[in-house]
Amino acid sequence: FVSLDVDVSIVPAVSGIIQDYEGVSAAAVDLVVAQIHRNEKGLPASPKVVMIQGRWTQGATVRAKTG
């Protein structure tokens with residue numbers, strides 16, 4: 001079993017990706033501030049996509065890599 005959103009309170013039990021919620025929040029604020037500085041209102045005509053990389057955690061639900 002692999003989770004795409006591992007709760008940090010169960011990290012040793014479940015393998016998967018720990019999302020960087022601080023990074024996502026900071027990126028969202030940066031986008032809004034930039035829109036305010038450009039005096040943009042409403043939904044953008046061409047939305048931006050920002051990817052914040054998560055971190056893999058090796059839990060008990062996936063075998064350890066050998067070799």
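Is Ser3 buried or exposed? I looked this up and found Ser3 buried, at 16% relative accessibility (buried is under 20% relative accessible area, exposed over 50%, partly exposed in between, with a 1.4 Å probe and protein chains only).

**Basis.** I am working on a predicted model, in which local features need pLDDT of at least 70, side-chain atom pairs count only at pLDDT 80 or more, and totals for chains, interfaces and linings use all residues. Residues are numbered from 1 along each chain as its sequence is written, and side-chain values use heavy atoms, with hydrogens and water left out.

**Entry: Ser3 and the sheet.** I placed Ser3 in strand β1 (strands are DSSP runs of E, at least two residues, and helices runs of H or I, at least four, numbered from the N terminus). Leaving aside neighbours within four places in sequence, I listed Val14, Ser15, Gly16 and Ile17 as contacts of Ser3 (heavy atoms within 4.5 Å). I then traced an open sheet of three strands, with mixed pairing and the order β1-β2-β3 (two strands pair if DSSP finds at least two bridges between them). Its edge strands are β1 (2-3) and β3 (55-57), each pairing on one side only. Strand β2 (residues 15-18) runs antiparallel to β3, and three bridges join the two. I noted Arg55 in β3 as the bridge partner of Ile18.

**Entry: Ala26.** I located Ala26 in helix α1 (residues 21-37). Ala26 counts as partly exposed, at 40% relative accessibility. From Ala26 to Ser9 I recorded 17 residues in sequence and 22 Å in space, C-alpha to C-alpha.

**Entry: salt bridge.** How many salt bridges does the structure hold? I found one (a side-chain nitrogen of Lys or Arg within 4 Å of a carboxyl oxygen of Asp or Glu). In this salt bridge the side chains of Arg38 and Glu40 meet at 2.7 Å, N to O. Arg38 is partly exposed at 42% relative accessibility, and Glu40 is partly exposed with a relative accessible area of 37%.

**Entry: largest pocket.** I searched for pockets on a 1 Å grid over the protein atoms alone (a pocket is an open set of points where a 1.4 Å probe fits, with protein on both sides within 12 Å along at least five of seven lines; lining residues have an atom within 4 Å of a point). The largest pocket holds about 160 Å³ of space. Its lining comprises Leu31, Gln35, Arg38, Glu40, Pro44, Ser46, Pro47 and Lys48. By class I noted three nonpolar, two polar and three charged residues in this lining.

Definitions and conventions: Points joined across faces, edges and corners; volume = space filled by probe spheres on them. Nonpolar A, V, L, I, M, F, W, Y, C, P; charged D, E, K, R; others polar.
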